[in-house]
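Hi,

Here is the structure I promised to send over. Have a look at it first, and then read on for what turned up.

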Amino acid sequence: AQNPVSGENTIIRNAQQYVQSHVAEKLTVPVVAEKIGVSASYLTALFHKHLQLSPGEYIRRMKLQQSKQLIREGQMNFTEVSEALCYSTVHHFSRQFKQMFGMTPTEYAKSVR
């Protein structure tokens with residue numbers, strides 16, 4: 001008999017790996033859930049249970065971490081970074097970036113140059 005917790009952990013790991021390797025795509029919780037073969041509601045429940053955050057929040061964090069990487073590399077402007085990570089607008093991207101890191105993408109870019 002499989003340990004249910006290890007099964008749950010496997011699902012979470014699969015979801016995390018999927019998000020990490022597809023971070024530049026338009027990711028939604030239903031899309032990720034479908035790719036790994038569970039329902040969106042089940043995936044959401046597992047994320048809350050084990051990680052204390054929603055899969056949507058996890059996707060957001062991964063995209064924002066990736067945006068930091070792109071800003072550090074300095075090959076793209078913020079509009080290109082936001083487009084590369086499928087944000088609807090650069091304004092939306094900047095707002096989320098500031099919420100998460102406490103500074104704007106511009107401030108961050110200055111701090112790493």
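L64 lies in helix α4; helices here are DSSP runs of H or I of at least four residues and strands are E runs of at least two, numbered from the N terminus. With a relative accessible area of 0%, L64 is buried, where buried means under 20% relative accessible area, exposed means over 50%, and partly exposed is in between (1.4 Å probe, protein chains only). Not counting residues up to four places away in sequence, L64 touches Y87, F93, Q96, F97, M100 and F101; contact means heavy atoms within 4.5 Å. Its C-alpha atom and that of Q96 are separated by 7.9 Å, although L64 and Q96 are 32 residues apart along the chain.

Before I go on, a word on where this comes from. It is a predicted model, in which local features need pLDDT of at least 70 and side-chain atom pairs count only at pLDDT 80 or more, while totals for chains, interfaces and linings use all residues. Residues are numbered from 1 along each chain as its sequence is written, and side-chain values use heavy atoms, with hydrogens and water left out.

Two packed helices are described by the angle between their axes and the distance between the axes. Helix α4 (residues 55–73) packs against helix α6 (residues 90–101) at an angle of about 100°, with the axes 10 Å apart. Axes are lines fitted to C-alpha atoms, for helices over the stretch in contact, and the angles run from 0 to 180 degrees between N-to-C directions. That makes α4 and α6 roughly perpendicular to each other (65 to 115 degrees; under 35 is roughly parallel, over 145 roughly antiparallel and the rest oblique). On the α4 side the contact is made by R60, R61, L64, Q65, S67, K68 and I71, and on the α6 side by F93, Q96, F97, Q99, M100 and F101. These residues divide into six nonpolar, four polar and three charged.

From α1, V5, E8, N9, I11, I12, A15 and Q16 meet Y42, L43, L46, F47, K49, H50 and L51 of α3. The contact of α1 with α3 comes to nine nonpolar, three polar and two charged residues.

E8 in helix α1 is worth a click. Is E8 buried or exposed? Its relative accessible area is 11%, so E8 is buried. The side chains of E8 and K49 are joined by a polar contact of 2.9 Å; that term means a pair of N or O atoms within 3.5 Å, where within protein one must be able to donate a hydrogen and the other to accept it, and residues adjacent in sequence count only if both atoms are side-chain atoms. Leaving out residues up to four places away in sequence, E8 touches Y42, L46, K49 and H50.

Q20 is also found in α1, and at 44% relative accessibility it counts as partly exposed. Beyond its neighbours within four places in sequence, Q20 is in contact with Y58 and M62.

Most residues other than glycine have a negative phi.

Overall, the chain has seven helices and zero strands, and 35% of its 113 residues are buried.

Cheers

Notes:
Ala, Val, Leu, Ile, Met, Phe, Trp, Tyr, Cys and Pro count as nonpolar, Asp, Glu, Lys and Arg as charged, and the others, Gly among them, as polar.
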